[in-house]
Amino acid sequence: GGGVASNDGTSNNNNGHGAASASEKGRELARDAERVSKVVIAQVKQRGRDLGSKIKAAWKTTEREASALFVSPPSSPSPKRQQQQRSHRPRDGDDGEDGIGGARRDRDDASIRRRGGAAEKESGVDERERERDASRGGRAGSGSSRPAGGVQRAVAENLRRLARFPHRDESDPPEGYVNLWVNNFQRWQTRWLNASSTPGVLLVHRKSTKLGRATKIDLVGASVVFPSRSNQREFVVVAGDMLYKMRALRPGGREKWAAVIRDSASALERAAAIVKDRENERAAAAAARASEGGGGGGATATA
């Protein structure tokens with residue numbers, strides 16, 4: 001019995017030493033991890049400071065280069081300024097800038113500057129009058145010629161019109177560019193509309209080259225509607241259950257497109273009527289031949 005008790009005490013002491021050593025190892029690992037984290041944080045901060053200093057240095061260099069680019073070199077004084085500087089220099093026998101001679105020269109220079117300013121104003125007025133007379137003479141001399149300002153305004157107006165309607169000169173029916181409302185993008189898209197290839201069929205291409213897949217609009221029983229009176233370019237093609245919202249590039253161009261589309265639909269109707277009439281004629285001729293053949297056979301049997 002005593003031996004058993006001593007064995008139990010020894011095992012308990014061993015368990016206590018093992019737990020103490022495990023806790024000590026855990027504390028050492030925690031301290032090592034804390035030291036490593038401090039070292040890593042210090043390195044990251046140092047790298048951040050180095051990067052910041054490099055960015056500041058690069059920014060200062062860029063500012064210096066930009067200022068060097070935009071700073072104009074010192075210019076030499078104008079001839080008028082040089083004349084004024086020479087006139088302000090003291091001469092031999094004068095009392096200097098603060099004496100009587102200097103004051104007299106100041107008054108003389110001031111009067112010269114006033115007279116010079118008045119002369120410049122008069123010359124500017126004369127120059128403007130000459131330009132105005134030249135422009136009037138150019139307009140009166142020939143009806144086709146006009147001043148440079150008018151030509152520039154006309155060119156600028158043409159450029160603005162071309163930028164607003166880039167395919168304006170290629171928008172006349174039966175083949176031309178129109179604006180088609182695309183539901184996928186909810187906006188107007190420029191498309192090439194062809195109403196002359198096949199009667200009763202309206203072809204929609206992406207470009208005037210007609211490359212790629214084309215959208216076909218069947219004009220059987222189709223109609224053209226003008227949804228707005230104020231907008232002189234918008235029209236809608238109603239083909240069965242489909243509505244195709246379009247817009248001409250020129251003001252008033254929807255009437256031309258509507259007429260072309262209606263003519264194509266009517267041409268298809270006329271062609272269908274002709275085909276139907278020919279089929280009816282063929283059917284009537286076949287019926288007539290059949291009746292003649294049946295009547296002849298009955299007569300022969302009687303004989």
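This is a predicted model: local features need pLDDT of at least 70, side-chain atom pairs count only at pLDDT 80 or more; totals for chains, interfaces and linings use all residues.
Helices and strands here are DSSP runs, numbered from the N terminus.

What is the phi of K210? It is positive, at about 65°, although K210 is not a glycine. For comparison, most residues other than glycine have a negative phi. K210 has a relative accessible area of 34%, so it counts as partly exposed.

Now let us move to the largest nonpolar core, which has 20 residues. Within this core, L202, I217 and M246 touch the most other members. Several elements give two or more residues to the core: strand 1 (175–182), strand 2 (187–198), strand 3 (201–205), strand 6 (234–239), strand 7 (242–248) and helix 5 (254–302). Which element gives the most? That is helix 5, with 5 residues.

Leaving aside residues up to four places away in sequence, M246 touches N179, L180, W188, L193, L202, I217, R233, E234, F235 and V237.

How many aromatic pairs does the structure hold? There are 2. In one of them, the ring centres of Y177 and W192 lie 5.0 Å apart with their planes at 80°, which makes the pair edge-to-face because planes over 60 degrees apart are classed that way. Since Y177 belongs to strand 1 and W192 to strand 2, this pair ties together parts that are 15 residues apart in sequence. Are these two residues buried or exposed? Y177 has 4% relative accessibility, so it is buried, and W192, at 10%, is buried as well.

The other pair is formed by W181 and W188, whose ring centres are 5.3 Å apart and whose planes meet at 75°, so this pair is edge-to-face too. Here W181 has a relative accessible area of 27% and is partly exposed, while W188, with 24%, is also partly exposed.

Finally, look at the charges that sit over rings. Over the ring of W188 you will find the charged end of R247, 4.3 Å from the ring centre. The charged end of R254 likewise sits over the ring of F226, 4.3 Å from its centre.

How values were computed:
Residues are numbered from 1 along each chain as its sequence is written. Side-chain values use heavy atoms; hydrogens and water are left out. A nonpolar core is a set of buried Ala, Val, Leu, Ile, Met, Phe, Trp, Tyr and Cys residues joined through side-chain atoms within 4.5 Å. Buried means under 20% relative accessible area, exposed over 50%, partly exposed in between (1.4 Å probe, protein chains only). Helices (H or I, at least four residues) and strands (E, at least two) are DSSP runs, numbered from the N terminus. Contact means heavy atoms within 4.5 Å. Rings of Phe, Tyr and Trp (its six-membered ring) pair if their centres lie within 6.5 Å; planes under 30 degrees apart count as stacked, over 60 as edge-to-face and the rest as tilted. A charge sits over a ring if NZ of Lys or CZ of Arg is within 6 Å of the ring centre and within 35 degrees of the ring normal.
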